[in-house]
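Work through the exercises below with the model open beside you. Try each task before you read its solution.

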Amino acid sequence: MLSEIVQLSASGLVVGSLYALLGVSWGIIYATTRTFHFAHALTFTLAAYVAIVLHVGLRLPLLAAVPGAAAAAVVFGCAVEYFVYRPIRRESRGQLGIFLASMGTMVLGEAVLQLVFSPTPRALPDFPDALYVAGPVTFTLANVVLVAAAWGSILLLELFLKRTKTGREIRAVRSNPEMTTIVGISGERTFLVVFALGSAMMGIGAFFVTIQSAATPHMGLTFVLMAFIATFLGGVGSNWGVALAGIGIGLVENLALLQLPAHYKHVVVFAVMFVFLLIKPEGFMGRSATLGLQVVKKKRA
């Protein structure tokens, strides 16, 4: 039993690292734009199929599929913001209009992918299948690279937000969009930047999921739901909080397998989210919304 708990915990940390990456990618978009961007699921799925086309169809090296998937995700994510969400905001149709447009984009896009690629799962082959054993824990090279890529991406994002002018502007818009307009920061430009950043991270996550399983036209929704849960459990606006929540979700999912069938693991996660948010609705690392604007004012002064 103990060895099983250790193995499930190790697997939970790997899955949790993926959820951390995806949670931060969805969270930075939501925290800045207040957009329930469920078309992010389509970004994920599209990136997976682009990686397959590049490596399997065009026979490019597998490593070329990583930036290719991320670039496709960036282009698509920014296109959704520019051509779908921005006109709705300008017409003041509210968050409900954006939410419906997001869901419609996701459903339509998944239908198109199913027509083009068929419902048959498609794999992304040729990643080294090295297997490692450390005591009671077994893991693969893909697991190691996924964990490194996830936390490396989150760290780079944090450095970007804290060390660059654009990053400080993102934090300011996240804190007080009305005031940032007064001081000359373009909200629309900032929105495009966060959609690019979040979409790139989603593309990286899609690549690592596809090398370990397979792509299907409807694969993205489950991962976006986990990202959504991580964002609100960790605290909107706290990337480290969201990342730690992702780890927690991965552990809960895997440890639930000790007592429950696999198809109940997501039910357990939703139950934990519901109870936790009743107790601490701001998330366990929710923070004040004034910091970003204060930083920008200091830098401008």
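**Exercise 1: the largest pocket**

By class, the lining of the largest pocket has 14 nonpolar, eight polar and two charged residues. Nonpolar here covers Ala, Val, Leu, Ile, Met, Phe, Trp, Tyr, Cys and Pro; charged covers Asp, Glu, Lys and Arg; the others, Gly among them, are polar. The model is predicted: local features need pLDDT of at least 70, side-chain atom pairs count only at pLDDT 80 or more, and totals for chains, interfaces and linings use all residues. Numbering starts from 1 along each chain as its sequence is written, and side-chain values use heavy atoms, with hydrogens and water left out.

Task: give the volume of the largest pocket, then find which residues are closest to its centre and which element gives the largest share of the lining.

Solution. 
- Step 1. The volume is about 520 Å³. A pocket is an open set of points on a 1 Å grid over the protein atoms alone, where a 1.4 Å probe fits, with protein on both sides within 12 Å along at least five of seven lines. Its volume is the space filled by probe spheres set on the points.
- Step 2. The lining has 24 residues, and closest to the centre are Ser-11, Val-14, Val-15, Asn-143 and Gln-212. A lining residue has an atom within 4 Å of a point.
- Step 3. Two or more lining residues come from each of H1 (2-33), E2 (137-140), H5 (141-163), H8 (187-212), H9 (220-234), H10 (239-255) and H11 (265-279). Helices (H or I, at least four residues) and strands (E, at least two) are DSSP runs, numbered from the N terminus.
- Step 4. Helix H1 gives the largest share, seven residues.

**Exercise 2: helix pairs**

Task: describe how H2 packs with H9, H9 with H10, and H3 with H8.

Solution. 
- Step 1. Know what to report. Two packed helices are described by the angle between their axes and the distance between the axes. Axes are lines fitted to C-alpha atoms, for helices over the stretch in contact, and angles run from 0 to 180 degrees between N-to-C directions.
- Step 2. Take H2 (residues 40-57) and H9. Their axes lie 8 Å apart, at an angle of about 130 degrees. That makes H2 oblique to H9. Angles under 35 degrees are roughly parallel, over 145 roughly antiparallel, 65 to 115 roughly perpendicular, and the rest oblique. The crossing of H2 and H9 is right-handed; that is, the near helix is turned clockwise from the far one by less than a right angle.
- Step 3. Move to H9 and H10. Their axes come within 7 Å and cross at roughly 120 degrees. The two are therefore oblique to each other. The crossing of H9 and H10 is right-handed.
- Step 4. Finish with H3 (residues 62-90) and H8. The axes come within 7 Å and cross at roughly 145 degrees. H3 passes H8 in a right-handed crossing. The contact of H3 with H8 has 17 nonpolar, three polar and six charged residues.

**Exercise 3: buried or exposed?**

Task: decide whether H6 is enclosed, then classify Ala-69, Ile-28, Leu-155 and Leu-221.

Solution. 
- Step 1. Set the cut-offs. Buried means under 20% relative accessible area, exposed over 50%, and partly exposed in between (1.4 Å probe, protein chains only).
- Step 2. In H6 (residues 165-175), nine of the 11 residues are buried, so the helix is largely enclosed by the rest of the structure. Among the buried ones are Arg-168, Glu-169, Arg-171 and Arg-174.
- Step 3. Ala-69 lies in H3. It is buried, at 0% relative accessible area.
- Step 4. Ile-28 belongs to H1 and is buried, also with a value of 0%. Ile-28 and Gly-198 are 170 residues apart in sequence and 6.5 Å apart in space, C-alpha to C-alpha.
- Step 5. Leu-155, in H5, is partly exposed at 43%. Leu-221, in H9, is partly exposed at 31%.

**Exercise 4: positive phi**

Solution. 
- Step 1. Recall the background. Most residues other than glycine have a negative phi.
- Step 2. Arg-34 has a positive phi, near 55 degrees.
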